[in-house]
Amino acid sequence: MNIAANNGVWSGSWVAERLGVELVGDDGLTALLGLALRRNPRRAHLLVSNVLGKHVPQSPSVVYGHGFALGRRVRDLLGEREAGRAVVLGYAETATGLGHSVADGVGLAPYLHSTRRPVAGVVPAGGFEESHSHATSHLLLPEDPALLSGDGPLVLVDDEFSTGNTVLNTIRDLHARYPRQRYVVVALVDMRSPADAGRLTDFAREIDARVDLVAAASGTVKLPEGVLEKGQELVARYEESAATGDRPGAAPSGPVAQFPAPLPGVASQADFQRNPLGARGTARPAPTHPQTPDTRTTPHLTRVDLHWPYGLPDGGRHGFTPAHRIRLESALPTMAARLAEALPPDARRVLTLGFEELMYTPLRIARELEALVTAEVRYSTTTRSPVLAVDDPGYAIRSRLVFPAHDHPADGPGERYAYNVAGAGFDAIVLFVDSAGDTPELHAPDGLPALLGAHAPHVLLAVVPSYVPALPEESPAMLPEPLRGPAFSSYPAEDVGWLLQDLSDVTLEAPTEEREEAIQSGGAHYAESLPVEYQPSEQYQALFHAALETSAARIAQAVGVVTETVLAERSPRPVLVSLARAGTPVGVLMRRWAQFRYGLDLPHYAVSIVRGRGIDANALRWLAAHHDPRDVVFVDGWTGKGAITRELADAIEEFEERTGVSGFDPEIAVLADPGSCVRTYGTREDFLIPSACLNSTVSGLISRTVLRADLVGPDDFHGAKFYRELAGADVSVAFLDAVAARFEEVVDAADGAVKELAVADRTPTWEGWAAVERISEEYGIHDVNLVKPGVGETTRVLLRRVPWKILARAGAGVDLDHVRLLAEQRGVPVEEVGDLPYTCVGLIHPRYTRGATGADGRAVNV
């Protein structure tokens, strides 16, 4: 037999020698498997996979490669047509990541895994028992029950196929509800005994369906008589010795047992390519004093914001579709890059540690990370499964960490485990949990991060939002008609309908400094209050009018370009939906251009979108009830770093998935796109748009939008205020008239620009986002939300937030006259930068408390 050795020792030899257990089968079997012992009344031994990424840290490329290769074999077995109709089902908790990787290999197959976490309000579509497991009940909780009711092949994936009981229980339960003609069972190893080998064929005959089996390797475990009792006695003796400190023949197991030698079966990506059964990599030297306790102090836990795509499921608990896969694939490079930036630059050995059923997401990010960093990256996950740890090269579980469950499991509190982590020589450990597991219990002194900190100098935490399906809704309430001027806003009624509720009688304003402190401390969301409206000085008003005079023609041309592009490429009769409030003046101007040029009377509405909360779903519901969603074109004033562009795309997808209403195109049309975030724009230059200089007095006297739970119910539009009292300072219509008056003179220039754009490559480069991330790090801010690029966003910082400093491109000229004046009034330094991609960038105070500004509210440099 070919032995996969750890310094010449197979990681199952310790159990084999003491219990007489024998592993026989394919030559590569022992490269895939080691042996350990556990306290279990049904089966004492545990087959420990070296390529699953559960108990043994392994290269993520190797782990993913095995699952993906199995999926390719399934696709070849089924053929392209049947593979396109297949659904893949994985088993919790051990095979959730494996099953997902198999689904990727199959191709377009949606994926679902069983779960031991019930979700309130989600009715199980099935369930089954896993007879040999320590935790038996599995639930099937698909968001879309049709995932299981189709008639295409069902592919069932587990890490090992031993007795076949689990698979038979699953098929029996599902076949009674959703019969189909074909099943494929997939496992890393087929370990059935000769007595069990024929059961699958008999069962297939019984249900009158075809059942195939695909495995990477096959063999069997030969168990001598009395092995269960002997194994239980051995486990009890070693657990007792660990508790008393005695060592019967080998190093004790326990929460911080160390191991001096490399893990068995560890393979590099190159090794995997040479030998897909898992050849070993080069052994690492053992520490000089393997039993010396690790005395390093627990490090500070560093959180890493992955920028997880809004509404994207964190795994297959409720189903993961091919569309989800496309979104994840596009987001993986960015998430891995953020993780790579957070790692210490001198890290040589990094562990990415998943959390029970959360296996696939950490695996995919770890695989991307492996290609980005020079450090050796390994991947494994925590588990519910209690296994004896013995510090011996011939034993598969060399060490274990024991910590309390931290996700409030339905079966009550209990111990959880991380194996082969303690003493493994990791310089950094990245712990992934879903948000349901990011609890006070996780961060307690005996929680997992604290334990990890004793074994690695750097511990990072990445939290993935726990996806919860939208529950079935009752018939939605009737929504009111849009608000219109002059009752709400100073715009004429035909210019815009506001899909908002009027909160004019509610006191929502708070001092700028107070709002900033609450927002940055996490105590409040920016949309829960309003800033006190800025009252411009005579000098500032003069600057606005001067800017309008010099830029009106330039704005008119950009209006013409974006409107003509929309009419040519999006819809001949678009429904303009501006994002309140910066988008509203632009939407009105686009409507006026269509009327001026073609006599079109385009519908125009304004809706609320809130960063971190999405677009007003009730507004979308109203639009879908009154217009064809395919005609809707979302309009905004300008792009900065592209946050709203991403927010809208995610929100539209979530709305369509929840309501079934489709057709909305999330592509925003903007007047100016300096951040290169969209394809439909009037210009990509970062220049002064006078409507950005003021607040409500250039936006129909409407406040920014408000979303607060005590004011906005589930069937309400978001809110806003109408500042009637500011009518004397209102220039909203004057701004529109000044720009529209220049339409005639810019027609030819606009037509020429539209022709050039029609043949140009307008693919967004997101260079604005990249610049913001660079500035955030260069200036020690470490939060892109506090970096506001472009003239418009910089003006907002000075009017609404607590500014820290302004970065201005050298030689920016009159476009920044109003910015310089506001900065002078607020005591904010303006720093000229030579290579700035924007005309200017506003930096919000990165560590703001009220004590960070003077008594007069002026900024204090830090």
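Which residue of E34 is the bridge partner of Pro803? In this predicted model, the partner is Ile844. The pair belongs to strand E32 (residues 803–809) and strand E34 (residues 840–844), which run antiparallel and share five bridges. Both strands sit in an open sheet of four strands, ordered E31-E34-E32-E33. The pairing in this sheet is mixed. Strand E31 (787–789) and strand E33 (830–833) form the edges. Each has a single partner strand, so one side of each lacks a neighbour in the sheet. From one strand to the next, the twist averages 20 degrees. Helix H22 (residues 767–778) lies across E31, E32 and E34. The helix runs at about 140 degrees to E31.

The chain as a whole contains 24 helices and 34 strands. Of its 862 residues, 58% are buried.

A second open sheet has six strands, in the order E3-E12-E11-E10-E6-E7. Here, too, the pairing is mixed. The edges are strand E3 (22–25) and strand E7 (111–113). Each pairs with a single strand, so one side of each is left without a neighbour in the sheet. Neighbouring strands are turned by 25 degrees against each other on average, direction ignored. Within this sheet, strand E6 (residues 87–90) and strand E10 (residues 154–161) pair in the parallel sense. Four bridges connect them. Val88 has Val155 of E10 as its bridge partner. Helix H7 (residues 165–177) lies across E6, E10 and strand E11 (182–190). Its direction is at about 160 degrees to E10.

Another parallel pair is formed by strand E14 (residues 349–354) and strand E15, over six bridges. Strand E15 (residues 376–381) is mostly covered, with five of its six residues buried.

Two helix pairs were examined. Helix H16 (residues 538–569) packs against helix H21 (residues 743–759) at an angle of about 50 degrees. Their axes are 8 Å apart. H16 is therefore oblique to H21. The crossing of H16 and H21 is right-handed. Residues of H16 in the contact include Ala553, Ala556, Val559 and Gly560. H21 contributes, among others, Phe743, Val746, Ala749 and Leu757. By class, the contact of H16 with H21 has eleven nonpolar, three polar and three charged residues.

The second pair is helix H18 (residues 617–626) and helix H19 (residues 643–659). Their axes are 11 Å apart and meet at an angle of about 65 degrees. H18 and H19 are therefore roughly perpendicular to each other. This crossing of H18 and H19 is right-handed. On H18, the contact is made by Ala617, Leu620 and Arg621. On H19, the contacting residues are Ile652, Phe655 and Arg658. Four nonpolar and two charged residues make up the contact of H18 with H19, with no polar residue.

Several loops hold local features. Asp427 lies between strand E17 (415–419) and strand E18 (428–434). Its relative accessible area is 16%, so Asp427 is buried. Leaving aside residues up to four places away in sequence, Asp427 touches Ala347, Arg348, Arg349, Ala456, Pro457 and His458.

Cis peptide bonds are found in two places. One joins Gly485 and Pro486, with omega about 0 degrees. Pro486 is in the loop between strand E19 (458–464) and strand E20 (497–498). Another joins Ala580 and Arg581, with omega about 5 degrees. Arg581 lies in the loop between strand E24 (575–580) and helix H17 (583–598).

Positive phi values also occur in residues other than glycine. For Asp208, phi is near 60 degrees. Asp208 is in the loop between helix H9 (199–207) and strand E12 (210–222). With a relative accessible area of 61%, Asp208 is exposed. For His408, phi is near 50 degrees. His408 is in the loop between strand E16 (400–404) and E17. His408 is exposed, with a relative accessible area of 55%.

Definitions and conventions:
Residues numbered from 1 in each chain as written. Predicted model: local features only at pLDDT ≥ 70, side-chain atom pairs only at ≥ 80, totals over all residues. Heavy atoms only, no water. Axes fitted to C-alpha atoms, helices over the stretch in contact; angles between N-to-C directions. Parallel < 35°, antiparallel > 145°, perpendicular 65-115°, else oblique. Left-handed = near helix turned anticlockwise from the far one by under 90°. Contact = heavy atoms within 4.5 Å. Nonpolar A, V, L, I, M, F, W, Y, C, P; charged D, E, K, R; others polar. Pairing = 2+ DSSP bridges. Buried < 20%, exposed > 50% of the residue type's maximum accessible area, 1.4 Å probe, protein only.
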